[in-house]
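Dear colleague,

I am passing on the structure below, followed by notes on what turned up in it. Please read the notes with the coordinates open beside them.

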Amino acid sequence: MRITQGCFSFLPDLTDEQIAAQVDYCLSRGWAIGLEYTDDPHPRNTYWNMWGNPMFDLRDAKGVMMELEACRKAHPQTYIRINAFDSTRGFETVTMSFIVNRPDEEPTFVMRRTEADSRAIRYTHDVIR
């Protein structure tokens with residue numbers, strides 16, 4: 001099952017050239033770039049591990065691509081995403097986020113629906129690896 005989170009998630013995986021073009025777009029807007037990775041891509045897991053610090057002073061996508069390559073080498077079988085932050089309002093707001101690396105085999109989520117008292121419905125999620 002393909003995890004679909006963030007921008008471009010319903011498209012085929014982006015090439016490095018396409019990733020660099022998106023990073024250039026973000027940098028042209030003055031957004032900072034951050035890399036994150038995880039082996040638990042559950043939609044409720046919003047806290048991924050940061051790879052280094054957010055890159056606030058970059059003007060070229062090459063710096064991000066070098067960090068992405070280092071993250072891929074260190075964590076080849078994890079999900080890696082790029083986040084773009086806009087700080088024009090005085091605080092960091094994630095403006096764009098997209099997955100740039102996936103493990104060879106992705107987990108499958110199963111949702112179970114249970115009816116409870118008073119017509120309440122409860123949902124649980126299980127991961128099948």
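Glu36 forms a salt bridge with Arg81, and the closest N and O atoms of the pair are 2.8 Å apart; a salt bridge is taken here as a side-chain nitrogen of Lys or Arg within 4 Å of a carboxyl oxygen of Asp or Glu. Because Glu36 lies in strand β1 and Arg81 in strand β3, the pair ties together parts that are 45 residues apart in sequence. Glu36 counts as buried at 13% relative accessibility, and Arg81 is buried too, with a relative accessible area of 13% (buried means under 20% relative accessible area, exposed over 50% and partly exposed in between, with a 1.4 Å probe and protein chains only).

Before going further, please note that this is a predicted model, in which local features need pLDDT of at least 70 and side-chain atom pairs count only at pLDDT 80 or more, while totals for chains, interfaces and linings use all residues. Residues are numbered from 1 along each chain as its sequence is written, and side-chain values use heavy atoms, with hydrogens and water left out.

Axes are lines fitted to C-alpha atoms, for helices over the stretch in contact, and angles run from 0 to 180 degrees between N-to-C directions. Helix α1 (residues 16-28) lies across β1, β3 and β4, running at about 170° to β4.

As for the sheet itself, four strands form an open sheet in the order β2-β1-β3-β4, with antiparallel pairing. The strands β2 (49-55) and β4 (93-101) stand at the edges, each with a single partner strand, so one side of each is left without a neighbour in the sheet.

A search of the whole structure finds four salt bridges. Among them is the one between Asp13 and Arg102, whose closest N and O atoms are 3.1 Å apart.

Best regards

Note on methods:
Pairing = 2+ DSSP bridges. Helix = DSSP H or I, 4+ residues; strand = E, 2+ residues; numbered from the N terminus. Contact = heavy atoms within 4.5 Å.
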